[in-house]
Amino acid sequence: MQELERITARRSELDALTEELAKQLQEVQAEREELVIAERVLHRLAEQDRAATEAAAAVAPAPARVAGRAVLLIPHRSETSDEAALPGDYRKILAIVRAADGPVQVRGVGEELGLEVTARGKLEPLRAKLTKLADRGWLHKRPDGRFTARL
């Protein structure tokens, strides 16, 4: 009789252990499924990031060498052109001219950019950038030397 009680007690212990292990197995499986989903999301994000990097590289201005110096090529404006093809400082200049109420002088753009506008020599590189944007069709240079945005 005592043997039967031990067997019954051991079977009860094993039943309880089976229930506990089944519960743990369910928790492990649920966590594993969450990890699989997280892994898929991370793969998709990595693919999107890679695609965005490739797209940015395709639109980025092409560096070139002129007389041994590296220069950035400013693309001509076309119907399919996007401002993203311009270097950052050119995009800032374009945004300032577009935000102005009317034609702007180089000095006004320089003030917006925080340049020292009292010295004429400090504005000449900016004037060259504005002229380059006008030559490539991004801006319009008026006969009086002021610039307006092209629509």
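Modeller: Helices (H or I, at least four residues) and strands (E, at least two) are DSSP runs, numbered from the N terminus. By that rule the chain has four helices and four strands. Along the sequence they run α-β-β-α-α-α-β-β. This is a predicted model: local features need pLDDT of at least 70, side-chain atom pairs count only at pLDDT 80 or more, and totals for chains, interfaces and linings use all residues. Residues are numbered from 1 along each chain as its sequence is written, and side-chain values use heavy atoms, with hydrogens and water left out.

Now the residue. T148 sits in strand β4 (residues 147-149). T148 is buried, at 18% relative accessible area. Buried means under 20%, exposed over 50%, partly exposed in between (1.4 Å probe, protein chains only). Of the chain's 151 residues, 16% count as buried.

Next, the contacts (heavy atoms within 4.5 Å). Beyond four places in sequence, T148 touches V97, P103, L139, H140 and R142. Follow L139. With neighbours within four places set aside, L139 contacts L94, V97, L130, L133, A134, F147, T148, A149 and R150.

L139 also belongs to the largest nonpolar core, which has 19 residues. Such a core is a set of buried Ala, Val, Leu, Ile, Met, Phe, Trp, Tyr and Cys residues joined through side-chain atoms within 4.5 Å. Those with the most contacts inside it are L86, V109, L126, L130, L133, L139 and F147. The elements giving two or more residues to this core are α2 (88-99), α3 (106-113) and α4 (120-135).
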